[in-house]
Amino acid sequence: MKYELKNGWTTDIDKEIVCKFSEGYKSFLDIAKTEREAVSEIVRLAESCGFKPLSDYTTLKEGDKVYAINKLKGIILAVIGEKEASEGVNIVGAHIDAPRLDLKPNPLYEDGELAYFKTHYYGGIKKYQWTALPLALHGVVIKTNGETVNVKIGDEGDDITFVITDLLPHLAREQMKKPATEIIEGESLNLLIGSIPADEEEKDAVKTNILSILNEKYGICEEDFLSAELEIVPSANAKDVGFDRGLIGAYGHDDRVCAYPALMAILTTDACEKTAVCLLTDKEEVGSMGNTGARSDFLKLILMEIMDKTGEGATELNLLRALDKSYCLSADVSAAFDPNFPAPYEKRNAGKTNYGITVAKYTGAGGKSGSSDASAELMAKIRTLFNNNNILWHVAELGKVDAGGGGTIAQYVANLGVETVDCGVSVLSMHAPYEVVSKLDVYMTYKAFHSFFGENI
Ligand SMILES: [Zn+2]
């Protein structure tokens with residue numbers, strides 16, 4: 001009669017398989033710190049598992065494995081099912097962007113004989129967490145001739161690093177009286193990038209020296225920053241946390257901790273009744289806007305391409321039918337209950353570390369605002385699916401009703417008519433430069449997505 005949950009490590013779970021899976025995930029985290037890097041690593045992994053560009057096919061048949069890239073920042077992978085897409089597809093949708101600091105269009109300046117980059121933060125961060133820690137610079141510079149310069153500096157062992165300085169405590173009496181939102185302001189997030197002046201220069205000699213280094217190493221000039229996407233991310237790589245190695249600490253678990261299991265789930269799906277779709281989007285952290293976010297028409301386009309190439313007809317009616325009969329696991333993180341900060345959590349409905357995948361019937365804030373509320377019927381199907389496949393899972397809300405809130409891509413997929421529910425890994429220190437998740441939860445999330453792709457729910 002009673003509903004009781006179990007810590008996953010106390011079940012008969014195969015610890016070796018769990019740890020092996022997390023090794024692959026850790027490498028992915030280190031290679032794919034930005035959305036562009038994630039897309040290129042996903043393509044590499046997908047091709048090694050027999051996936052090919054959708055554009056290579058003129059016709060598609062059951063069992064074909066395809067991918068389509070959305071402007072180098074998003075990607076859809078699909079395994080064509082037995083049934084026509086207009087009978088519904090099974091979608092797992094996650095995002096591959098993460099909170100970070102972007103360089104401003106005019107970033108480079110000198111002050112106090114030190115050189116800096118101006119930044120503009122991306123997504124919901126606690127600004128004070130980004131000072132006094134080693135940072136790396138990743139991204140692209142596109143030159144006027146169309147050439148792409150790839151930049152990835154600050155992650156390898158003897159590589160240089162960058163830092164945003166903070167005020168010494170001795171002189172921080174006034175700073176420490178400020179609210180946490182103002183201790184470090186957006187315009188103080190200036191990245192220290194150099195200190196040696198160029199020879200025989202009087203004004204801005206340090207900046208001049210940096211420009212000549214950039215020109216020599218990357219062939220770029222100051223104006224090239226105007227057509228660049230350069231992102232500042234923590235330089236630390238993923239590591240096991242704790243003497244027992246049960247947790248993983250890393251930058252960008254949100255939402256690679258769902259994107260990677262979703263990817264692995266589709267890469268290990270061979271035959272499926274319904275077409276399996278892995279949707280990996282950009283821009284979730286800033287509202288899923290733009291042509292690479294979940295609000296774009298990319299999913300619709302790729303579904304129509306599939307319907308066209310399988311011969312069922314890419315009509316608008318078929319597309320609407322496909323979306324209306326489809327299911328989606330909106331794969332995003334939840335907040336794990338943190339014993340250090342119990343106040344904003346509601347213990348009976350909180351995400352729990354080591355209790356498997358977390359299902360969130362709804363997200364949102366201020367009375368479910370901005371949320372897609374999964375139906376009781378869908379929740380029943382998910383219960384059946386996960387219970388029948390020995391998936392460890394539990395339900396959670398983000399925190400107390402009036403404590404705050406957050407959103408995911410669920411509402412944008414649900415707006416298309418798709419039956420959608422949020423689920424993913426619960427994270428400690430979410431949106432911090434170094435987040436923590438449980439290895440067991442990561443593996444369970446993979447198992448959950450894999451079972452979803454394999455079933456006609
Ligand atoms: Zn997030």
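**Strands, helices and domains**

User: In which sense do S11 and strand S12 pair?

Analyst: In this predicted model, S11 and S12 (residues 247–250) are joined over three bridges. Val241 lies opposite Leu247 of S12. The sense of the pairing between S11 and S12 is antiparallel.

User: Which strands stand at the edges of the open sheet?

Analyst: The open sheet holds three strands with antiparallel pairing, in the order S11-S12-S22. An edge strand has a single partner strand, so one of its sides is left without a neighbour in the sheet. The strands in that position are S11 (239–241) and S22 (435–438).

User: How are H1 and H10 oriented to each other: roughly parallel or roughly perpendicular?

Analyst: The axes of helix H1 (residues 15–31) and helix H10 (residues 439–454) come within 9 Å of each other and cross at roughly 85°. Angles of 65 to 115 degrees count as roughly perpendicular. The two helices, H1 and H10, are therefore roughly perpendicular.

User: How many nonpolar residues does the contact of H1 with H10 have?

Analyst: From H1, the contact takes Ile17, Val18, Cys19, Phe21, Ser22 and Tyr25. On the side of H10, Lys439, Leu440, Val442, Tyr443 and Tyr446 meet them. By class, one residue of this contact is polar and one is charged, while the number of nonpolar residues is nine.

User: What distance separates the centres of domain 1 and domain 2?

Analyst: Domain 1 covers 8–98 + 251–454, and domain 2 covers 100–234. Taken over C-alpha atoms, the distance between their centres is 33 Å.

User: How many charged residues are on the side of domain 1 that touches domain 2?

Analyst: Twelve residues of domain 1 and 14 residues of domain 2 take part in the contact. The side belonging to domain 1 has six nonpolar and two polar residues, and its charged residues number four.

User: What is the radius of gyration of the protein, and why is the protein called as compact as a globular protein of that length?

Analyst: The protein contains ten helices and 22 strands, and its C-alpha atoms fill a box of roughly 75 × 55 × 40 Å along the principal axes. For 457 residues the globule rule gives 23 Å, and the protein's value is close to this, so it is as compact as a globular protein of that length. The radius of gyration is 23 Å.

Definitions and conventions
Residues are numbered from 1 along each chain as its sequence is written. This is a predicted model: local features need pLDDT of at least 70, side-chain atom pairs count only at pLDDT 80 or more; totals for chains, interfaces and linings use all residues. Axes are lines fitted to C-alpha atoms, for helices over the stretch in contact, and angles run from 0 to 180 degrees between N-to-C directions. Helices (H or I, at least four residues) and strands (E, at least two) are DSSP runs, numbered from the N terminus. Angles under 35 degrees count as roughly parallel, over 145 as roughly antiparallel, 65 to 115 as roughly perpendicular and the rest as oblique. Two residues are in contact if their C-beta atoms, placed from the backbone, lie within 7 Å. Ala, Val, Leu, Ile, Met, Phe, Trp, Tyr, Cys and Pro count as nonpolar, Asp, Glu, Lys and Arg as charged, and the others, Gly among them, as polar. Two strands pair if DSSP finds at least two bridges between them. Domain bounds come from an automatic or database domain assignment. The radius of gyration is taken over C-alpha atoms; the globule rule is 2.2 Å times the number of residues to the power 0.38.
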